[in-house]
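Here are my notes on the model you sent over. Have it open while you go through the points.

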Amino acid sequence: MIQRTATLVEVRSAEPQPERWQALLANAINTPEALLQEVGLNPTEWLEGAERGHRLFPVLVPKPYLQRIGYGDPQDPLLRQVLPLLEEGVTLPGYSPDPLEERSASPVRGLIRKYRSRALLMVTGQCAINCRYCFRRSFPYGDHSLSPQARQQVIDTLAADPALNEVILSGGDPLAVNDRLISQWLDAIAGVSHIRRLRIHSRLPVVIPQRVTPALLAALSGSRLKVVLVVHVNHPQEIDADFAAAMGQLKEAGVTLLNQSVILRGVNDHADTLEALSERLFEVGILPYYLHAFDPVQGAAHFDVADAKATTLMTELRTRLPGFLVPRLVRELPGRPSKTPLD
Ligand SMILES: *Cc1c(COP(=O)(O)O)cnc(C)c1O
Ligand code: SF4
């Protein structure tokens, strides 16, 4: 009898368990009440606005990100990125649900092709965090991933165009899918001989550093493709020891690490903050790549930083930082063959 029980336990533990990062994602804070309680803000003052914003785009904040938010500080630059405010319900002229006109550049489901040498592949619509300033707030695409047939269509489309040499996994957040699916995409893309680079645009390693699993590292380091990971950090306070350790592991696996940020009022619209961000990124092995000018996303007008202010900040940054730590201030404009530099 005792032996049988032992066997049963073994069989059960051999079933696929959710990974730690998946459990952290499943247990993310997803109500305004819980968020206010966790960060020590008074519901009498903040709940009405938070609930209004939440109805437009739900609250989603995993614990590892929450831990980096200061307690009882409504101006905390990380909290500002995730706490819905009353202002989100305001509709202003010039603020669009689809400022990038992404829906018109898709040759086959999942693929967005705007630039000659690189194609963007939407692996999933899901994210690990809901950032209040994101254009995704207007279409929470859900987690539908592509069927095997749709995936084959994507690969066939890539294979038919030798001008392409880079595939960018994007979303949503491409690392929201499991390692098995990431590996399948990697293998399928590596099978297209003219593709040399794989780029991953993801905020997940920032939000949940535990996402950098041994299986992910093995998949990235084992590929024929050169792998570039572009993370999304907006403020130096987002860089903690766990994130730094995860970046160290990726670097060891041979991954090139870059960062993109969005300039956001009340988060990083100061030269001191942007300078500290670049310095911290470099300390953990990441080079700044893009600083995105604000896109006029409906419901996010309270984050808007005027282009004139952004370019002034860049001029100041260039006096404080070596050239390789100055991100490029860009905007994506519909119909252009590349991102457009602002300065
Ligand atoms: C931003 C973007 C890229 C990548 O542009 P890079 O300048 O190479 O970083 C590719 N495709 C689309 C649709 C994009 O929006
Ligand atoms: S992680 Fe990126 S895509 Fe997802 S909500 Fe935040 S900014 Fe948008």
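**Notes on the ligand site and the sheet**

1. A polar side-chain atom of Arg199 comes to 2.7 Å from an oxygen atom of ligand 1. Tyr289 has a side-chain N or O atom 2.6 Å from a ligand 1 oxygen, and for a polar side-chain atom of Tyr290 the distance to an oxygen of ligand 1 is 2.6 Å. A polar contact here is a pair of N or O atoms within 3.5 Å.

2. Before going on: this is a predicted model, with local features needing pLDDT of at least 70, side-chain atom pairs counting only at pLDDT 80 or more, and totals for chains, interfaces and linings using all residues. Residues are numbered from 1 along each chain as written, chains are lettered from A and ligands numbered from 1 in written order, and side-chain values use heavy atoms, without hydrogens and water.

3. The shell around ligand 1 includes Ile112, Lys114, Arg118 and Glu332 (a heavy atom within 4 Å). By class it has six nonpolar, no polar and five charged residues, with Tyr counted as nonpolar and Asp, Glu, Lys and Arg as charged. β2 (118–122) and β7 (287–292) each supply at least two shell residues; strands are DSSP E runs of at least two residues.

4. Now the sheet. It is open, with nine strands in the order β1-β2-β3-β4-β5-β6-β7-β8-β9 and mixed pairing; pairing takes at least two DSSP bridges. β1 (111–112) and β9 (340–341) are the edge strands, each pairing on one side only.

5. β5 (residues 226–232) and β6 (residues 256–262) run parallel, with five bridges. Val231 has Asn259 of β6 as its bridge partner.

Conventions:
A polar contact is a pair of N or O atoms within 3.5 Å; within protein, one must be able to donate a hydrogen and the other to accept it, and residues adjacent in sequence count only if both atoms are side-chain atoms. Helices (H or I, at least four residues) and strands (E, at least two) are DSSP runs, numbered from the N terminus.
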